[in-house]
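User: Please take a close look at one part of this model, the sheet. Walk me through its strands, then the loops beside them.

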Amino acid sequence: MLTRVKSFLVTVVPFALFTSLVALQPSCGSDTSGDDDGSSGNTPDPSRRDGGGSGADGSVLTPEDAATGDGGPPSTFGKALRFHGNGTLDQDRVKIRIDQPGQAAGTWPMDVGATDFTIEFWMKAAAADNAAPALNCGAGADWILGNVMIDRDRYNKPRKFGVSIGAGKLAFGVTGENASFDWTLCGTKTVLDDAWHHVAVERRRTDGHLWIFVDGALDAEVDGPDGDVSYPDGEQPGNQCNGPCTNSDPFFVIGAEKHDTDPQTYLSYKGTFDELRVSKTLRYTAAFQRPSAPFATDANTVGLYHFDEGTGTTAADTSGVQGGPSPAELKVGGSPVGPAWVAGQ
Ligand SMILES: [Ca+2]
Ligand SMILES: [Ca+2]
Ligand SMILES: [Ca+2]
């Protein structure tokens, strides 16, 4: 099943700290691996894998600097969603459509990957509830074997991505425009400590560079797979989902492994999730003070979900982006029933 490529990503984030939005591009290291043109097989440069990723340059604020209590988002963050990791029957997840197969025309702002992107969110989860072991980091798509939080996979197809957790560390996986190349970037910071964490993952379009930030500190980075990883407009999914994967591939899924493929092997996230923001730019190029308030939208925001409804099965996209909004649908079910509306903190 490893050939099944999953992709995804999650996003979210509260904010209000404009200082955190300093342009990253100029400070990001250039791709020295020479794979930008794809002529060398799109091989990421292992030397650029930043296992340490402290980002400690003297200006870095630790999570404790910005945090109070358990470091979670403030009460102004309102409601949140609690997932229970059911991972079956299209339940216990949130789905945002990013394409309509068979219809080449259409505007899908949440279909990121043709440009730079940033996906941010808040999470709070316990290790005992997310048992995926350490993942095989580097070449390959082992991120799909973690407890999946954001799933923008496409079954057995390229141009996909996602975020999961293995052995308590984040994993950000991408399959590039060419199906032959996958990469799983693993973080180093433990996020399964039942405390709130702000997570941001980013991808640079020009060279596929990937970043993971946790609580404003760089966790890991790598020169990843190249190319356009957006969903090909109107493309029909494969036929591996007890029929065509039309109910999973063309969606940005939060809180579950989207294809419901053997939930004993492909695990779903069990924990709380709040404040997803997806942007068509790189928000962070260096360490930043983690947000202390919900985000507001701006010209680069393509999806913004506060998850403050507290009832019902729709979460609004408040980005105001042209071509939107991209409403999120709660697919409620399982035992315990998820996702459930809970207090943000
Ligand atoms: Ca909220
Ligand atoms: Ca690259
Ligand atoms: Ca598309």
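Nine strands form an open sheet in the order S4-S8-S7-S6-S5-S12-S2-S16-S15, with antiparallel pairing. Its edges are S4 (138-139) and S15 (314-315), each of which pairs on one side only. Strands here are DSSP runs of E of at least two residues, and helices are runs of H or I of at least four, both numbered from the N terminus. Two strands pair if DSSP finds at least two bridges between them.

The model is predicted: local features need pLDDT of at least 70, side-chain atom pairs count only at pLDDT 80 or more, and totals for chains, interfaces and linings use all residues. Residues are numbered from 1 along each chain as its sequence is written, while chains are lettered from A and ligands numbered from 1 in the order in which they are written.

The protein has one helix and 17 strands. Buried residues make up 54% of its 345 residues. Buried means 20 or more other C-beta atoms within 10 Å of a residue's own, exposed 12 or fewer, and partly exposed in between, with C-beta atoms placed from the backbone.

Start with S6 (residues 160-166). Seven of its seven residues are buried. Lys 160, Gly 162, Ser 164 and Gly 166 point one way, and Phe 161, Val 163 and Ile 165 point the other. In a regular strand the side chains alternate between the two faces of the sheet.

S5 (residues 147-152) joins S6 through five antiparallel bridges. Here Asn 147 has Ile 165 as its bridge partner. Seven bridges join S6 to S7, again antiparallel. One of the pairs is Gly 166 with Lys 169 in S7. S6 and S7 form a hairpin with two residues between them, and Ala 167 in the turn has a positive phi of about 50°. Next comes S8 (residues 182-190), which pairs with S7 (residues 169-175) over six antiparallel bridges. Val 174 stands opposite Trp 183 in S8.

The largest nonpolar core has 74 residues; Leu 170, Ala 171, Phe 172, Leu 185 and Ile 212 touch the most other members. Such a core is a set of buried Ala, Val, Leu, Ile, Met, Phe, Trp, Tyr and Cys residues joined through C-beta atoms within 7 Å. Beyond its neighbours within four places in sequence, Ala 171 has contacts that include Leu 135, Trp 143, Val 163, Ile 165, Leu 185 and Cys 186. A contact requires C-beta atoms, placed from the backbone, within 7 Å.

**S2, S16 and S15**

S2 (residues 93-97) and S16 (residues 328-331) pair antiparallel over three bridges. Val 94 has Leu 330 in S16 as its bridge partner. S15 and S16 pair antiparallel over two bridges. Thr 314 stands opposite Glu 329 in S16.

**The loops**

Most residues other than glycine have a negative phi, and most peptide bonds are trans. Asp 92 has a positive phi of about 55°. It lies in the loop between S1 (79-84) and S2. Asp 92 is buried because 28 other C-beta atoms lie within 10 Å. Phi of Asp 194 is also positive, near 60°. Asp 194 sits in the loop between S8 and S9 (197-203). With 13 other C-beta atoms within 10 Å, Asp 194 is partly exposed.

Gly 324 to Pro 325 is a cis peptide bond, with omega near 0°. Pro 325 belongs to the loop between S15 and S16. Another cis bond joins Gly 338 and Pro 339, with omega about -10°. Pro 339 is in the loop between S16 and S17 (340-343).

Technical notes
Contact = placed C-beta atoms within 7 Å.
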